[in-house]
Amino acid sequence: GGEGGEGGGATAAAMGVNRTQSGSMFDLDPFNDGGSAGDLFLDANVDPLLRTVGNMLANAAPQADSVAPEAMRYPLTLPFTAAYCKTVRALHRYIVHCATYNVGHDAKTNVPSRFSGGAAAAENSSLLDPDALADATQQCQWIARSLEQGLLAVARLLQEHMSARDDRFSLSKACQLYLDGMNLALLPDRFAPVLSDAMMYLLGRAAASSAAGQRVMDAALAIVGGESRAAFETAATRARDLIFETLRQEVSELLGTLGSNTEGGLWLPGAPVSDARPWVLDVTTFLRVSFMTKLTYLPSDVRESLHYLACSHINTEIMDKLTSGAVEKLDIFGLYNLRFDVTALELFADECGVTGLKECFSELRDLLGLLTNPDLDALVQEDQKLMERQYPHVVKLKAATILRKLQNLNAVGQAQTGGVNIPLLDRRQALRLARILAEEE
């Protein structure tokens with residue numbers, strides 16, 4: 001902008017500034033692992049916003065200079081990663097370079113200017129003449145557009161990291177990108193004071209405080225965030241979706257073994273148990289560790305939604321296996337033992353402190369309660385109204401489907417039914433009850 005002429009281009013490039021492609025300053029992708037531990041800490045001479053971030057990082061990890069960068073990426077005590085700090089610092093320096101270049105206050109730049117910026121202008125009580133004001137307007141808007149292009153370049157990097165992935169994201173990586181995206185979406189507002197200072201320096205205090213100067217600054221500030229804010233929010237929303245997708249996939253993998261139909265397995269155990277089985281500990285331990293570490297910095301509403309997602313998905317996965325071809329056969333002890341597993345899952349849900357989370361398992365709880373009720377025959381044949389009051393979440397067609405899979409216990413299993421309060425059904429009786437339930441539905 002202004003009268004910089006073509007000679008200013010080389011100087012701008014030397015300072016890392018490119019008028020036509022502002023994103024080129026990001027040669028080092030801040031979302032990759034490059035850089036040293038010291039890069040996380042910021043100089044004391046930069047904007048107070050950056051000094052605050054630097055001090056917070058220093059207080060959170062006083063020995064960080066001796067820590068490998070891989071150990072510092074995520075999670076940190078702060079709800080964003082080193083990429084955010086590097087981005088803020090780079091954009092801040094970019095604004096300073098743009099203002100310095102446009103003012104031409106450094107003799108080494110050889111950039112002519114219609115007015116003298118900085119301290120000289122601040123001491124001058126006269127306002128800019130019309131030509132100088134027009135020139136300053138153009139230069140302020142160019143700085144604002146440059147900042148906006150820089151923000152858009154960072155948003156594109158976020159989106160590329162999510163769209164160009166070769167395999168599934170880790171839960172930590174998805175959380176990292178989501179938190180960074182949410183914080184980066186706030187940068188247009190957080191950089192407004194920095195940009196205002198740069199324009200005040202460019203205009204001079206007297207001109208900046210005038211009505212005309214304020215209009216110039218307001219018009220430039222309106223440029224920042226016009227597209228970048230929405231781009232960051234879109235990237236953050238996609239990263240949030242990745243968190244949900246990844247958590248669902250990892251829970252599904254942990255539940256993958258539940259489809260086994262082998263004798264002595266989960267569905268044909270042939271004997272009762274007195275406590276939850278190991279697979280429940282595997283799933284609940286994974287969820288506890290994930291929520292205490294990888295998911296700890298997420299907003300509370302997102303964390304609650306993830307709790308509901310995990311528990312609802314466990315209920316759905318088990319119900320799907322029970323009612324689909326994944327489980328072809330089961331015995332009464334398979335259903336009886338599953339009740340202990342569901343009780344343990346409900347205890348886990350209560351520990352999470354999320355209102356109503358336990359109810360994610362209500363369908364399983366009621367279904368297993370009905371099918372293992374010693375009075376199942378009487379409830380189905382004689383008093384279905386009572387059955388519906390006691391087990392309101394039961395879908396009769398699902399109960400019928402499960403009863404059709406019920407197998408007779410072998411001699412060893414039958415010998416163990418005496419100490420267990422379960423219905424003593426053979427396969428013929430189970431098929432008869434299944435037919436009644438299907439007809440009632």
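Predicted model: local features only at pLDDT ≥ 70, side-chain atom pairs only at ≥ 80, totals over all residues.
Cys311 takes part in no disulfide, the nearest cysteine sulfur being that of Cys360, at 5.2 Å. For Cys360, in turn, the closest cysteine sulfur is that of Cys311, and the separation of 5.2 Å is too far for a bond, because a disulfide requires the two sulfur atoms to be within 2.5 Å. Cys311 counts as buried, with a relative accessibility of 1%, and Cys360 is also buried, with a relative accessible area of 13%.

Helix 20 comprises 14 residues, 427-440, and spans 20 Å from its first C-alpha to its last, close to the 20 Å expected at 1.5 Å a residue. The buried residues in helix 20 are Ala430, Leu433, Ala434, Ile436 and Leu437. Viewed down the axis of helix 20, its buried residues fall within an arc of 165° and therefore line one face of the helix. An α-helix has 3.6 residues a turn, so residues three or four places apart point the same way. The buried residues of helix 20 pack against helix 16 (376-382), helix 17 (384-390) and helix 18 (396-404), whereas Arg428 and Glu439, on the other side of helix 20, are exposed. At the N-terminal end, helix 20 is capped by Asp426, a side-chain oxygen of which lies 3.2 Å from the backbone nitrogen of Arg428.

Technical notes: Residues numbered from 1 in each chain as written. Heavy atoms only, no water. Buried < 20%, exposed > 50% of the residue type's maximum accessible area, 1.4 Å probe, protein only. Helix = DSSP H or I, 4+ residues; strand = E, 2+ residues; numbered from the N terminus. Expected span 1.5 Å × (residues − 1). Arc of directions from axis to C-beta. Contact = heavy atoms within 4.5 Å. Polar contact = N/O pair within 3.5 Å; in protein donor to acceptor, adjacent residues only side chain to side chain.
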